[in-house]
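Me: I am new to reading models of this kind, and I would like to go through some features one at a time. Could you take me through them slowly?

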Amino acid sequence: MNKKNTTWDANQYLKFENKRLRPALELLDRIPLKSPKKILDLGCGTGNVTKIISERWQSSKVIGLDSSQQMLEKAQKFSSEITWQLQDINSWNPDETFDLIYSNATLHWVKNHTEIFSRLLSKINKNGFLAIQMPLNQKAPSHALMSKVLTELNFCSEEFRENLWAKAVEEPSFYYDLLAPKVKMIDIWTTTYYQIMEGENPIYEWVKSTGLRPVLKNLTEMEKEIFIPEYQKRLRIAYPKQKDRKTIFPFTRLFIVAQV
Ligand SMILES: C[S@@+](CC[C@H](N)C(=O)[O-])C[C@H]1O[C@@H](n2cnc3c(N)ncnc32)[C@H](O)[C@@H]1O
């Protein structure tokens, strides 16, 4: 499936800014570098985290890379000190190397993790760090229901439905086997955030700016009119409201920190 051409809506993405920021900061907290010379924020999006990175390591050269023009336009307002680079990770293969490659909530959009993770390691200087966070919620109703409802309605191809999210992120043991022989330290952990959400159908609002985008891009207007209400209905059942009308959205994320 071609996820890379889906359009990012920066404003919709920023609607849940604090909830999306927390794992980014928790990842940052686990990088024990004192003064890295060069840092890459891979898939920097609107640059919120890139800005925090450049404030933490003020003497470092920081580069924010993303394939979305719209996200980078927002990012550019943050700082002229940060270098913003419009580039697709799939074709990214620079001559330069980095002391830290940081990537928050991005690599689940990119296929072939065996190749990508090996390429990332090859671009990190000795003693440098790789720090990655990816959602590990592809089996949760929020994502599994996309394929399920599409299948029931017989919308999109079978291949699209099967490849939608099911294989986007591997199990932690996959990344351990891939990285451990090539690094001197590796730390892998998961955290499940029980996100308290407000609004009529907050899970729909959340996925609309992220995981649902490839689906919406692949449906005709008529198909959307049928798919969206059905998917919304299933979400409400899968994530019932609490007594105070708020909704709990359990969200598991996978963290990897490795020193080369
Ligand atoms: C969920 S956002 C995360 C943004 C940022 N890292 C953050 O934590 O807020 C994912 C970002 O990955 C970028 N992205 C997705 N696929 C990409 C690719 N193949 N190459 C470069 N960037 C990509 C998107 O444009 C988007 O800005």
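Me: What volume does the second largest pocket have?

Reply: A pocket is an open set of points on a 1 Å grid over the protein atoms alone, where a 1.4 Å probe fits and protein lies on both sides within 12 Å along at least five of seven lines; its volume is the space filled by probe spheres set on the points, which are joined across faces, edges and corners. In this predicted model, the second largest pocket has about 180 Å³. It is lined by 13 residues (each with an atom within 4 Å of a point), and those closest to its centre are Val110, Lys111, Asn112, Lys167 and Ala168.

Me: How do helices H2 and H3 pack?

Reply: Two packed helices are described by the angle between their axes and the distance between the axes. Here H2 (residues 17–29) and H3 (residues 48–56) pack at about 35 degrees with axes 10 Å apart, where axes are lines fitted to C-alpha atoms over the stretch in contact and angles run from 0 to 180 degrees between N-to-C directions. Helices are DSSP runs of H or I with at least four residues, numbered from the N terminus.

Me: Which residues make the contact?

Reply: Contact means heavy atoms within 4.5 Å; H2 contributes Glu17, Leu21, Ala24, Leu25, Leu28 and Asp29, while H3 contributes Asn48, Val49, Ile52, Ile53 and Arg56.

Me: How many helices and strands does the chain have?

Reply: The protein chain has eleven helices and seven strands, a strand being a DSSP run of E with at least two residues. Its C-alpha atoms fill a box of roughly 50 × 35 × 35 Å, taken along the principal axes.

Me: What should I know about the numbering and the limits?

Reply: Residues are numbered from 1 along each chain as its sequence is written, and side-chain values use heavy atoms, leaving out hydrogens and water. Because the model is predicted, local features need pLDDT of at least 70 and side-chain atom pairs count only at pLDDT 80 or more, whereas totals for chains, interfaces and linings use all residues.
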